[in-house]
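Colleague: Hi! I'm new to this one, could you walk me through it?
Modeller: Happy to, let's bring it up and take it topic by topic.

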2 protein chains.
Amino acid sequence: MIRIALDAMGGDNAPRVEVEGAVQALRDLPPAFRIQLVGRTAEIEAALQGHGTVDRARLEIVEAPEVVGMGEKPLAAVKGKPRSSIAVGLGLQKGGQSDAFISAGNTGAVMAAATLMLRLHAGVQRAAISPLFPTAVHPVLVLDGGANVDCDARELVGFAHLGSVYVRDVLDRPRPGVGLINVGEEDEKGNAVVKEAHQLLKQTPGINYVGNVEGRDILAGQCKQGRIDVVVCDGFVGNVILKFYESAGRMFMGLMKQAFPDVLGRPEAKQLFRFLDYSEYGGAPLLGVKGVVIICHGSSPARAIMSAVRAAAHMVETHVDQDIGAELAGGGAGAAR
Amino acid sequence: MIRIALDAMGGDNAPRVEVEGAVQALRDLPPAFRIQLVGRTAEIEAALQGHGTVDRARLEIVEAPEVVGMGEKPLAAVKGKPRSSIAVGLGLQKGGQSDAFISAGNTGAVMAAATLMLRLHAGVQRAAISPLFPTAVHPVLVLDGGANVDCDARELVGFAHLGSVYVRDVLDRPRPGVGLINVGEEDEKGNAVVKEAHQLLKQTPGINYVGNVEGRDILAGQCKQGRIDVVVCDGFVGNVILKFYESAGRMFMGLMKQAFPDVLGRPEAKQLFRFLDYSEYGGAPLLGVKGVVIICHGSSPARAIMSAVRAAAHMVETHVDQDIGAELAGGGAGAAR
């Protein structure tokens with residue numbers, strides 16, 4: 001049995017969307033997991049009213065009276081609101097009563113609380129938000145997606161480890177290729193941090209480093225030097241590309257609907273739009289903390305919440321958390337499995 | 001009369017593509033300009049053979065026996081090859097015999113040579129590659145697109161000036177909105193350089209600063225605070241987004257062709273594909289140098305070269321170079337026009 005705690009008070013439309021996502025997940029996904037809706041019980045119960053019969057044996061409400069707002073300063077919110085849905089939800093995992101935590105709330109607060117409460121695995125310098133980018137070939141994991149706006153070279157190497165374990169476990173690719181985002185493929189390209197990281201990555205055992213990659217290589221899933229499964233960058237660059245990509249997908253959908261309104265009803269259109277829709281991908285794991293944490297968009301629809309529940313369950317099943325612990329504790333000797 | 005020097009030896013398929021682009025430009029664009037093809041005369045003449053009658057009164061060949069390779073180190077190439085097509089082409093402009101220079105060759109070498117030979121306008125710290133991003137609303141200028149991988153806050157402010165003058169002159173938008181790329185809109189977001197630039201930009205007269213913008217705001221052409229015409233970032237971030245965007249366009253086109261092969265022949269498809277095709281946009285100006293310089297992709301097709309010729313002519317006509325000189329010399333008091 002897998003127990004997944006869901007921050008019911010997190011997103012822009014909480015708790016309505018979170019409750020709807022939880023109900024959908026219980027209906028559509030395998031019965032092997034339970035959901036713990038964390039937040040104000042009365043509001044959650046009210047939101048549950050509209051959904052007919054729900055299997056309450058698999059859906060628990062865990063009271064958390066405080067709510068962290070989207071605009072609150074992360075650290076102050078975490079320290080000032082110990083009974084927030086974020087703190088209570090992560091507390092369940094810390095206490096062994098839950099296996100994963102999902103939130104569409106204040107990203108900074110979730111990161112801060114997760115790092116403080118669950119702590120980082122030994123050998124991990126920084127936790128990284130790790131979104132999966134859909135491509136026409138295979139999904140590519142990009143990290144850091146925004147947790148750390150400044151990174152040194154060793155931290156970038158750490159992201160390469162985190163991403164490699166995730167892709168090996170969760171996407172079942174035995175030897176993930178890792179690229180370092182740069183402005184060109186040559187050794188001398190980039191700023192000081194990236195140049196140093198490039199040299200370090202070349203010498204790091206356990207990492208299948210393909211080399212510097214450019215912006216165009218991410219969606220190609222490959223470059224001249226090989227296949228790319230993991231792309232490493234600082235959280236500033238990662239965050240900008242991530243948000244840019246989502247908006248490019250939206251723009252492209254809009255242009256297509258305008259140009260070919262008659263094809264919208266076709267099944268191929270549905271498939272294409274699903275590809276371009278981030279809610280299919282259900283948030284991004286925060287890798288490096290001891291535990292399973294998934295961070296969703298504030299504007300996540302119920303479908304994205306459901307996808308995140310599925311993704312969290314899969315992370316628990318594939319032991320990615322334990323494997324990260326083993327890989328990083330070994331100084332990144334890697335490929336222990 | 002406008003004289004445009006074109007590096008005939010620059011791109012991956014030089015001089016064939018450059019010659020073809022020049023011939024097309026002479027046929028399709030207004031007669032107000034002449035083209036100076038710079039490179040190895042014999043090779044250029046040979047490439048001209050296939051093109052039937054060409055108005056040679058408007059097409060001059062300027063001999064330059066040396067060629068800078070794509071893989072050469074920029075500074076060494078510039079110093080070691082004073083008779084390269086890049087040096088000779090820029091020399092024409094420096095000597096008053098030409099009004100603009102276009103190259104699809106070694107980007108670093110073009111930047112280095114342009115900075116050394118034409119020099120920067122007073123008040124400009126760094127020249128910036130300034131690509132125009134197509135969007136569903138209005139094109140948005142993003143700078144720096146890759147000339148400077150490390151930038152300090154004052155340099156980012158300089159890019160805001162350069163971009164504002166360009167958009168005012170060339171795109172005829174009287175009061176361009178400037179955004180600073182960041183991971184969130186709040187004052188406290190970003191790394192140290194971006195935070196400082198944000199504070200400086202708020203106090204800079206002559207800049208219509210809308211504030212921090214996120215990756216998703218670029219293609220929207222606006223954010224909560226207002227309309228965005230110019231987006232400022234360091235050359236590392238700009239280069240990654242630029243290349244990422246081009247590849248996203250290609251990927252979307254591929255997916256669409258796969259999903260709806262039957263709509264490809266429609267005029268709307270042609271229009272959509274043209275929108276997604278960077279060769280419509282004809283390279284990116286190198287703003288800040290005293291003169292007009294446009295840098296094209298190494299893989300530019302003839303159509304992109306023709307678009308670059310048109311763009312260069314328009315830059316000359318609208319006096320953007322002189323206006324940058326006036327704006328920056330005045331410490332950026334701006335909006336002198």
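**A walk through the model**

Modeller: Let's start on a helix: Ala192(A) and Gln199(A) are exposed on one side of α7(A). Helices (H or I, at least four residues) and strands (E, at least two) are DSSP runs, numbered from the N terminus.

Colleague: Before we go on, what kind of model is this, and how do I read the labels?
Modeller: This is a predicted model: local features need pLDDT of at least 70, side-chain atom pairs count only at pLDDT 80 or more, and totals for chains, interfaces and linings use all residues. Residues are numbered from 1 along each chain as its sequence is written, while chains are lettered from A and ligands numbered from 1 in the order in which they are written.

Colleague: Back to the helix, then. Which residues of α7 in chain A are buried?
Modeller: Helix α7 spans residues 192-202 of chain A, and its buried residues are Val194(A), Ala197(A), His198(A) and Leu201(A). They sit on the same side of α7(A), because they cover an arc of only 105° around the axis; the arc is that of the directions from the helix axis to the C-beta atoms.

Colleague: Why would residues a few places apart point the same way?
Modeller: An α-helix has 3.6 residues a turn, so residues three or four places apart point the same way.

Colleague: And what do the buried residues of α7(A) pack against?
Modeller: They pack against α6 (153-170), β8 (177-181) and β9 (208-213) of chain A. Contact here means that the C-beta atoms of two residues, placed from the backbone, lie within 7 Å.

Colleague: Zooming out, how many helices and strands does chain A have?
Modeller: Chain A has twelve helices and 14 strands. Buried residues make up 56% of its 337 residues.

Colleague: What about its overall dimensions?
Modeller: The C-alpha atoms of chain A fill a box of roughly 60 × 55 × 35 Å along the principal axes. The radius of gyration of chain A is 20 Å, which agrees with the value near 20 Å for a compact globule of 337 residues. That radius is taken over C-alpha atoms, and the globule rule is 2.2 Å times the number of residues to the power 0.38.

Colleague: Where are the domains in chain A?
Modeller: Domain 1 covers 2-124 + 288-327 and domain 2 covers 133-281, with bounds from an automatic or database domain assignment. Their C-alpha centres lie 25 Å apart in chain A.

Colleague: How many residues are in contact between domain 1 and domain 2 of chain A?
Modeller: 16 residues of domain 1 of chain A are in contact with eleven residues of domain 2 of chain A. On the side of domain 1 of chain A that touches domain 2 of chain A, α11(A) gives the most, with five residues.

Colleague: Switching to the pair of chains, how does chain B relate to chain A?
Modeller: Chain B superposes on chain A by a rotation of 180° with 0.0 Å of shift along its axis (RMSD 0.0 Å). That is the relation of a two-fold axis. The copies are superposed by least squares on the C-alpha atoms of residues with pLDDT of at least 70 in both.

Colleague: Which surface do they use?
Modeller: The copies meet through the same surface, because 100% of the interface residues of chain B are also interface residues in chain A. There, 39 residues of chain B are in contact with 39 residues of chain A. The largest share of chain B's side, 18 residues, comes from α9(B).

Terms used:
A residue is buried if 20 or more other C-beta atoms lie within 10 Å of its own, exposed if 12 or fewer, and partly exposed in between; C-beta atoms are placed from the backbone.
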